[in-house]
Amino acid sequence: MPTYNKLVRDLIPQIIEKQGKALETQILSDEEYNKKLRTKLQEEVNEYLEAESDEDAVEELADVLELMKALARQHGSSIEAVEKVRKEKVEKRGAFDEKVFLLHVED
C-alpha cells in the first residue's frame with residue numbers, strides 16, 4: 001500500500017473507497033492541520049509554477065485559492081476579509097496590472 005502522508009480534500013477518501021481501494025486516514029490537530037495546510041500550499045504553488053498549459057495553471061490556482069480559504073479560517077478570518085485587504089492594498093499601492101519592474105532606486 002503506497003504511503004502518501006499528505007493533506008487531501010475532504011471527499012478524496014470517499015472517491016478512493018468507491019474505487020474499491022482500502023485506505024487509512026486520520027484527523028489532524030489544529031496545530032498539525034495548520035502546518036500541513038502550509039505544506040500543501042507550497043505543493044500547489046509548485047504545481048502551478050510547473051503547469052504547462054493555461055488550463056493546468058487555472059486548475060492549480062483553484063487549489064491555491066481553496067487553501068487560501070482554509071488558511072484564512074485558521075487565522076480567524078475569511079477569504080472575504082482577505083479580499084477586502086487586497087482591495088485596500090490596490091487602492092494604496094496599486095495592483096500588478098501594468099507589469100512594472102523596479103530596477104533600482106537612488107538614495
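Analyst: A pocket is an open set of points on a 1 Å grid over the protein atoms alone, where a 1.4 Å probe fits, with protein on both sides within 12 Å along at least five of seven lines, and lining residues have an atom within 4 Å of a point. This is a predicted model, in which local features need pLDDT of at least 70, side-chain atom pairs count only at pLDDT 80 or more, and totals for chains, interfaces and linings use all residues. Residues are numbered from 1 along each chain as its sequence is written, and side-chain values use heavy atoms, without hydrogens and water.

User: How much space lies in the second largest pocket, and which residues are the closest to its centre?

Analyst: The second largest pocket holds about 370 Å³, and of its 13 lining residues Val90, Arg93, Gly94, Ala95 and Phe96 are the closest to the centre. Its lining has 6 nonpolar, 1 polar and 6 charged residues.

User: What volume has the largest pocket, and which elements give two or more residues to its lining?

Analyst: Its volume is about 1,400 Å³; 32 residues line the largest pocket, with Lys6, Leu7, Val8, Pro13 and Thr25 the closest to its centre. Helix H1 (12–18), H2 and H3 each give two or more residues to that lining, which divides into 16 nonpolar, 5 polar and 11 charged residues.

User: How do the axes of H2 and H3 cross?

Analyst: The axes of H2 (residues 30–50) and H3 (residues 54–74) come within 9 Å and cross at roughly 160°, and the two helices are therefore roughly antiparallel (angles over 145 degrees). The residues of their contact (heavy atoms within 4.5 Å) divide into 11 nonpolar, 2 polar and 7 charged.

Definitions and conventions:
Axes are lines fitted to C-alpha atoms, for helices over the stretch in contact, and angles run from 0 to 180 degrees between N-to-C directions. Helices (H or I, at least four residues) and strands (E, at least two) are DSSP runs, numbered from the N terminus. Angles under 35 degrees count as roughly parallel, over 145 as roughly antiparallel, 65 to 115 as roughly perpendicular and the rest as oblique. Ala, Val, Leu, Ile, Met, Phe, Trp, Tyr, Cys and Pro count as nonpolar, Asp, Glu, Lys and Arg as charged, and the others, Gly among them, as polar. Grid points are joined across faces, edges and corners, and a volume is the space filled by probe spheres set on the points.
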